[in-house]
Amino acid sequence: MASRKTARIIQLADALSGRRVLHLRDAAALLGVSEMTIRRDVADNPGQFTFLGGHIVPAGEIDGDMPYELAREADSHAAAKREACVHAAQHIRPDETIFIDCGTTLEYLVDLIPDNYSITAVCYSLNVADRLTRKPNVRIVMLGGVYHPASASFSGNSGLETLDLLGINVAFLSAAGVDPGRGATCVHFHEVAVKQKVISLARESHLVVDLSKIGKLKPAFFAPMNVFRSVITEDGDTRIPVI
């Protein structure tokens with residue numbers, strides 16, 4: 001019994017070393033045990049793991065290098081975000097270059113990239129880049145600049161200049177608010193320049209959000225709704241009436 005439990009703890013720690021956030025349901029499926037067993041394992045090892053809502057995270061990251069805002073958001077509407085990304089993944093094609101925005105929604109999109117797809121992925125956030133490193137045929141272009149812990153992302157002229165050198169087929173954008181009249185908005189002003197630059201360069205841009213974002217207006221505006229080829233939610237392509 002003890003050896004099996006030790007093996008589960010090692011396996012759980014290994015999974016979190018790459019993913020940083022793991023849903024309780026996914027952990028139970030990965031280890032082939034019940035969610036109650038996972039809860040006991042986590043409770044018995046407070047120095048290694050802790051719960052954030054329905055997710056398991058490494059204990060040190062809540063107090064340390066995982067930004068609290070990012071960690072908290074990872075637990076918000078997780079199932080809807082995953083489902084929205086299932087629909088968005090239909091726009092990923094082999095031998096193309098894609099852009100993946102920052103935030104917690106599009107993390108799930110990375111997991112859906114087929115392992116046999118040879119693509120170039122452009123990103124500017126650590127959480128997205130971390131997941132991309134586990135895709136064997138993905139070439140990663142990481143935009144640099146000044147690091148912003150709240151969103152684990154970068155901004156600055158160096159990143160914008162790098163974008164000028166790239167040909168982006170498909171851009172997947174995220175937003176914290178989607179207002180029919182004002183358009184797509186986010187919380188952090190430093191993200192605006194990157195988002196706008198990508199939209200101007202990409203052949204097609206898709207806004208990927210869960211339905212909880214519809215009708216919300218956040219402080220940093222970055223695009224009117226008509227620049228997106230589609231708005232993708234957990235319901236698939238979603239029509240947003242433009243006022």
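Which residues are linked in a network of salt bridges? They are Arg93, Glu96, Glu204 and Arg229, where a salt bridge is a side-chain nitrogen of Lys or Arg within 4 Å of a carboxyl oxygen of Asp or Glu. Please keep in mind that this is a predicted model, in which local features need pLDDT of at least 70 and side-chain atom pairs count only at pLDDT 80 or more, while totals for chains, interfaces and linings use all residues. Residues are numbered from 1 along each chain as its sequence is written, and side-chain values use heavy atoms, with hydrogens and water left out.

**The protein as a whole**

- The protein has 10 helices and 15 strands; these are DSSP runs numbered from the N terminus, with helices being H or I of at least four residues and strands being E of at least two.
- Of the 243 residues in the protein, 51% are buried. Buried means under 20% relative accessible area, exposed means over 50%, and partly exposed is in between, with a 1.4 Å probe and protein chains only.
- The accessible surface of the protein is about 11000 Å², and carbon and sulfur atoms hold 53% of that surface. Such areas come from the Shrake-Rupley method with a 1.4 Å probe, and for residues only the protein chains shown count as cover.
- Among contacts in the protein with a separation of 6 or more, 63% come from residues 24 or more positions apart; a contact means heavy atoms within 4.5 Å.

**Salt bridges**

- The count of salt bridges comes to 13.
- One of them joins Asp41 and Arg8, whose closest N and O atoms are 2.7 Å apart. Asp41 lies in helix α3 (residues 35-43) and Arg8 in helix α1 (residues 2-19), so the pair ties together parts that are 33 residues apart in sequence. Both Asp41 and Arg8 are buried.
- Asp164 and Lys197 also meet through their side chains in a salt bridge, at 2.8 Å from N to O. Asp164 sits in the loop between α9 (157-163) and β9 (170-173), while Lys197 belongs to helix α10 (residues 192-201), so this pair ties together parts that are 33 residues apart in sequence. Asp164 is partly exposed, with a relative accessible area of 47%, and Lys197 is partly exposed at 24%.
- Asp130 forms a salt bridge with Arg134, and here the closest N and O atoms are 3.4 Å apart. Asp130 is partly exposed, with a relative accessible area of 23%, and Arg134 is partly exposed at 35%.

**Packing of two helices**

- Two packed helices are described by the angle between their axes and the distance between the axes.
- Helix α2 (residues 24-31) packs with α3 at an angle of about 100°, and their axes are 9 Å apart. The axes are lines fitted to C-alpha atoms, for helices over the stretch in contact, and the angles run from 0 to 180 degrees between N-to-C directions.
- That angle makes α2 roughly perpendicular to α3, a label that covers 65 to 115 degrees; under 35 counts as roughly parallel, over 145 as roughly antiparallel, and the rest as oblique.
- On the α2 side the contact is made by Leu24, Arg25, Ala27, Ala28 and Leu31, and on the α3 side by Glu35, Ile38 and Arg39.

- Leu126, Ile140, Met142 and Tyr147 make a nonpolar surface patch of about 290 Å². Patches are made of residues with over 30% relative accessible area and no salt bridge, with like charges joined within 9 Å and nonpolar side chains (Val, Leu, Ile, Met, Phe, Trp, Tyr) within 5 Å.
- Leu126 has its place in helix α8 (residues 126-132) and is partly exposed, with a relative accessible area of 35%.

**Loop residues to look at**

- Phe228 lies in the loop between β13 (220-223) and β14 (230-233) and counts as buried at 8% relative accessibility. Leaving aside neighbours within four places in sequence, Phe228 is in contact with Leu173, Ala184, Ile199, Ser205, His206, Leu207, Phe222 and Ala223.
- Asp95 is a residue other than glycine with a positive phi, near 65°. Asp95 lies in the loop between α6 (78-88) and β4 (97-100) and counts as exposed at 65% relative accessibility.
- Ala152, also a residue other than glycine, has a positive phi near 55°. Ala152 is found in the loop between β7 (146-148) and β8 (153-155) and counts as buried at 1% relative accessibility.
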